[in-house]
Amino acid sequence: MIEVQNLTKNYGPVAAIKNVTFEVGKGEILGFLGPNGAGKTTTMRILTGYFPATSGNARVAGFDVFSQINEVRKRIGYLPENVPLYTDMSVKGYLSLAAQMKGLGGTAKSSAVDRVIEEVGLTHMKKRLIKKLSKGYRQRVGLAQSLVNNPEVLILDEPTVGLDPKQITDIRSLIKHLAGDRTVILSTHILPEVSMTCDKVTIINQGQVVVSDTLSNLTKRSSDFSEISVIVRDQGKDTASIIQSVNGVSEVNPSRTGIKDGTTKLDVSLPEDEDIRGAVAKAITSADIELLELSSRQVTLEEIFIRHITNEESGLHHADPDEQEDGLSETQKEEESE
Amino acid sequence: MTAFFAMFKRELAHYFTSPIAYVVLIIFSILSGWFYVQGFLLPYSLYCQQYDMMQLQQQNPMMGQMPAPNFTELIVPSLFGTLSIILIFLVPLLTMRSIAEEKKEGTIELLYTYPISDLQVILAKYAAALVIFSITVLLCAFYLALPEFIKEGGGIVEWKPALSALLGFFLLGAASISLGFIFSAVTENQIVSAALTFALLLFLWVVGWASQSDQVEGLAKTLAESVSLTNRSDGLFKGLIHLSDLVFFFCVTVGALFITMRSLESHRWRG
């Protein structure tokens, strides 16, 4: 549905994005992740035809965003980051305007407006002036505006920024509900947002795609038993070196999260091709240390994100996605040996 | 076309909700009304009275030196000359927010991503500003028609020169608004936009004024005469329709709107 190939955009001598490549299939929700200033908005603006790229290709809904931009514009809904609205208009008036701007007239317009007002839950607010609405409701108006032409593709730039926790949850579930069979690109720098709403993740940093994969592939390491965490009550014994001495253990790190009243938490990396959790447990108990917990550790999106960003900054980035995985574990090793 | 009319209606409504339309129309009515009555209508009726008295005293030696009062000739050109100065102050108010506000509020980002062309956006906004301005033209038409109602029998106003004056006023306003649009498009600050528009219109007026001075000669004089908007409209106010003046106003308006469009597009290559 969306194909982006080697997209580059220069602002004068500065490259905002460099060779950005990714793909989103029909009906997928792509989380577009990156720190502020990474180039998320620039990429989205190119896809919506706000400005052209310096080089590269992009196709949205089967149309080229450079040569057939009007066809693209008819098929997308876009919500810019700062949610620009005509605040002097009423919700309904504004949405009618948006519908007409997108080429809907007459009954098609009125039914589209009524539909989106209901979809985003603005029915009791439709006569209000937009300037009297709270940020959360404005966000809904912005979403309604993007949906009014029943677009195949939704492009949402940080749709939850600046909202309170309740509103954030509301908007997120709304997005998930609205997605339906639409293709959605959702940019954010909030990681849980991605794990809650998205199927696929593209992480971008300093204008370059660092990693692009499905969420499950990213959060799951190659096997369930290669990353474990161990909690022991060791009364000052050196559990780390005991575990380290087990054949096959590659790394042991005291975890940064939670060491209290004589217990120690350790993150342990084990070989991926062989389940040696039993050996680790045996080694601990035979050293007369109380083993309280041994669990497989899910890598969180935060870790992936930080890992990739630091990876990038320390210059270990490789363009090849296969090599990226290597680069990733290298940094992780570095990080964990600290 | 749906998009064009939607934009046009929104702009027109915004003039009234904002409420720039009321401000502009009230200021124009008060100023123009005052000038019209105090500066033109009363002196004219005084003159008429004097003239009538002279005619009664048939032997008065001054008789031959006092021409018969002619409203169209005496009043119309100088009335519109004065009204065009009011325009210099009011046009910036009409145009300052048209595009600058969209840029400031970021709403232009959505316009850029809707299936509507930049030209449609500008023309819709221009048409809305023109409609508001046209209300002042109607008021001027009322001023011209007023003596007809006051004096029994009428026959004071000659309609062809009066219509030419109204046309001149409309063209002058249309060109001034299009110039204001350029400055509304180049900045996102409404005050800067208004100030620059005001400065340009004032300059074009001063230039025309200076061209009438004896100290300006040769090329400078020709140049000053030909670029001044108010110089161009003076002929029309007098009832003289020159093709060159019509072409001039047309070119200024279209040219200014073209520059506005280019300026709006520039974000695409400027980044």
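Leaving aside its neighbours within four places in sequence, B:Ser178 touches a handful of residues in this predicted model: B:Tyr126, B:Val252, B:Thr253, B:Ala256, B:Leu257 and B:Thr260. The serine itself belongs to helix H8 of chain B, which covers residues 159-186. With a relative accessible area of 0%, B:Ser178 counts as buried because that value is under 20%.

Helix H12 of chain B spans residues 243-265, and it holds both B:Arg262 and B:Glu265. These two form a salt bridge, with 3.4 Å between the closest N and O atoms. Why do B:Arg262 and B:Glu265 sit about one helical turn apart? They are 3 residues apart in the helix, so about one turn separates them. As for how open the arginine is, B:Arg262 comes out as partly exposed, at 45% relative accessibility. Elsewhere, salt bridges that share partners tie seven residues into one network: A:Asp88, B:Arg10, B:Glu11, B:Arg97, B:Glu101, B:Glu102 and B:Lys125.

Now for the place where the chains meet. Here, 22 residues of chain B are in contact with 29 residues of chain A. About 2,300 Å² of area is buried between the two chains, and carbon and sulfur atoms give 61% of it. Three residues stand out on the chain B side: B:Glu109, B:Tyr114 and B:Pro115 supply 28% of the area that chain B buries against chain A, more than any other three residues.

B:Glu109 turns up again in the charge pairing. Between chain B and chain A the count is 2 salt bridges. In one of them A:Arg45 pairs with B:Glu109, the closest N and O atoms being 2.9 Å apart. In general, side chains of opposite charge can pair when their charged atoms come close. Polar contacts join in too, with 7 residue pairs between chain B and chain A, both residues at pLDDT 80 or more. Which elements give two or more residues to the side of chain B that touches chain A? They are four helices of chain B: H1 (2-17), H5 (100-105), H6 (107-113) and H13 (267-270). H1(B) gives the most, with 7 residues. Sorted by class, this side of chain B has 9 nonpolar, 8 polar and 5 charged residues.

Over all chains, the salt bridge count comes to 19.

A:Arg233 has a relative accessible area of 31%, so it falls in the partly exposed class. A:Glu290 is partly exposed too, at 42%.

A few spots in the backbone also deserve a look. The peptide bond from B:Ser18 to B:Pro19 is cis, with omega near -10°. B:Pro19 sits in the loop between H1 and helix H2 (20-56) of chain B.

In chain A, A:Ala61 has a positive phi of about 50° although it is not a glycine. Its place is in the loop between strand E4 (55-60) and strand E5 (63-64) of chain A. Is A:Ala61 buried or exposed? At 13% relative accessibility, A:Ala61 counts as buried.

A:Glu158 also has a positive phi, about 45°, without being a glycine. A:Glu158 lies in the loop between strand E7 (153-157) and helix H6 (165-179) of chain A. Its relative accessible area is 6%, which means that A:Glu158 is buried.

Key
Residues numbered from 1 in each chain as written. Chains lettered and ligands numbered in written order. Predicted model: local features only at pLDDT ≥ 70, side-chain atom pairs only at ≥ 80, totals over all residues. Heavy atoms only, no water. Contact = heavy atoms within 4.5 Å. Buried area = accessible area lost by both parts, 1.4 Å probe. Salt bridge = Lys/Arg side-chain N within 4 Å of Asp/Glu carboxyl O. Polar contact = N/O pair within 3.5 Å; in protein donor to acceptor, adjacent residues only side chain to side chain. Nonpolar A, V, L, I, M, F, W, Y, C, P; charged D, E, K, R; others polar. Buried < 20%, exposed > 50% of the residue type's maximum accessible area, 1.4 Å probe, protein only.
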